[in-house]
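Hi,

Here is the structure I promised to pass on. My notes on what I found in it follow just below, so do have a look at both together.

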Amino acid sequence: MALVGRDLGELKNNITKLLSSQHPFVSKVAKHYFSGQGKHIRPLLVLLIAQATSVTANPTTQPLDYQMIDLPISRGLVNMTPTSLFEQRHYTPYRSSSGCTVLPTQRRLAEITEMIHTASLLHDDVIDASLTRRNLPSANASFGNKMAVLGGDFLLARASLALARLRHPECIEIMATCIANLVEGEFMQLKNTKNDDRDCSDTAQKKSTFEHYMDKTYMKTGSLIAQSCKASAVLGGCDNGVKELAFEYGRHLGLAFQLIDDMLDFTVSAADLGKPAGADLKLGLATAPVLFAWEEYPELETLIKRKFSEKDDAERARSLVYQSNGLKRTLALAEEHCQLAINAVEKLPPSDAQLALVQLAKKSLTRKS
Ligand code: FPP
Ligand code: MG
Ligand code: MG
């Protein structure tokens, strides 16, 4: 993408530097998912939001001492000065031909966001016992569960250090909130407690189960995207209205993104996904396609409640999903959220970055992996 290509090109390199350690093996595990072909959606969004909101920003609220973000990391990088860590350009606010600016702190936020996301993938693949990601062996398959968990912890630690160095308390609060949300979302997925509500009528129970699924979806996927978009606007010195538009764009895009992910789990092969396909039912998870199918096929209730644990449960559920409108309705719901994301970003002043954010939202609906 031309608008942010240069910054994205440097992303992997800069993250690699942030993950240096005097214990090379911990770096190796933490860097494992950066050797494959990631989509870098989250950093792309942070950079585009930075550009799209820059025309609304108040420059007096922007921090000035950009070299602060690259103080040497104690132990491991002790001898490196800030300017030897990153090229000088890293400290220069970049102005595109259309007059949009990306600040050094926003570039660093893009890197932090990708590091938090990658930490969550390392942990997620342990929880899901998943052996592949991005068409490569997962970190747990390559190094074992213990190393993969520690590699994720290390990523999170270095992301936190980089975040602290932005010296922006509001931004730190926002990003710390979404790290907690990631964990809470994963807990909600493991526990799935709303199913136990016996006093509810049938319709109310289905509604409450679906609400629980959407709340969990926000926590595990929407929050990081929404909060990092908002944090980008915060670092740019935008007013509260613009910060909320950035948040709403990210929230709806994040929900659409996970709905499509849950649909692709039923419709795309493992080879195309680059990770196991049909994994959710095997993990006992009832995602949107199954919850919609349940409205047409009440027999799914028993299977959902016992988390597809008996022989042939997962296959039976899969075939009922294919016979139902579950996949179509999941796509329709993703389309609704995509439109709400577009409505939010269209309230910003027109710019190339705004157009790119609209296109990106539309593209998220047709992705195949
Ligand atoms: C992928 O979901 C996983 C997430 C979006 C979040 C995982 C969060 C944790 C494991 C909590 C720990 C968080 C941190 C920051 C260390 P998925 O399994 O549906 O997707 P997949 O098909 O890509 O595996
Ligand atoms: Mg997983
Ligand atoms: Mg998972």
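Setting aside neighbours within four places in sequence, Phe308 is in contact with Leu281, Gly284, Leu303, Asp313, Ala314 and Ala317 (two residues are in contact if their C-beta atoms, placed from the backbone, lie within 7 Å). Phe308 sits in the loop that joins helix H14 (300-305) to helix H15 (313-323); helices are DSSP runs of H or I with at least four residues, strands are E runs of at least two, and both are numbered from the N terminus. Because Phe308 has 23 C-beta neighbours inside 10 Å, it counts as buried (20 or more other C-beta atoms within 10 Å of its own means buried, 12 or fewer exposed, and anything in between partly exposed, with C-beta atoms placed from the backbone). Its phi is positive, about 50°, although Phe308 is not a glycine. From Phe308 to Leu333 there are 25 residues in sequence and 24 Å in space, C-alpha to C-alpha.

A word on the basis: this is a predicted model, in which local features need pLDDT of at least 70, side-chain atom pairs count only at pLDDT 80 or more, and totals for chains, interfaces and linings use all residues. Residues are numbered from 1 along each chain as its sequence is written, while chains are lettered from A and ligands numbered from 1 in the order in which they are written.

Arg167 also has a positive phi, near 50°, in a residue other than glycine. Arg167 is found in the loop between H7 and H8, and it is partly exposed because 13 other C-beta atoms lie within 10 Å.

Now the ligand. Of the 17 residues around ligand 1, the nearest are Ser120, His123, Asp124, Leu182 and Glu186 (a residue is near a molecule or strand if its C-beta atom, placed from the backbone, lies within 6 Å of it). Helices H5 (104-127), H7 (145-164), H8 (169-191) and H9 (202-235) are the elements that each give two or more residues to this shell. H5 gives the most, with six residues. By class, the shell has seven nonpolar, five polar and five charged residues; Ala, Val, Leu, Ile, Met, Phe, Trp, Tyr, Cys and Pro count as nonpolar, Asp, Glu, Lys and Arg as charged, and the others, Gly among them, as polar.

As for the whole protein, the secondary structure comes to 17 helices and four strands. Buried residues make up 43% of the 369 residues. Among contacts between residues at least 6 apart in sequence, 76% join residues at least 24 apart.

Finally, confidence. The protein averages a pLDDT of 88, and 85% of the residues score at least 70 (pLDDT is the predictor's confidence in each residue, from 0 to 100). Over residues 76-84 the pLDDT is below 50, and this stretch has 14 contacts in the model beyond near neighbours in sequence. Where pLDDT is low, the predicted coordinates should not be read in detail. For the complex, the predictor gives an ipTM of 0.98 and a pTM of 0.91.

Best wishes
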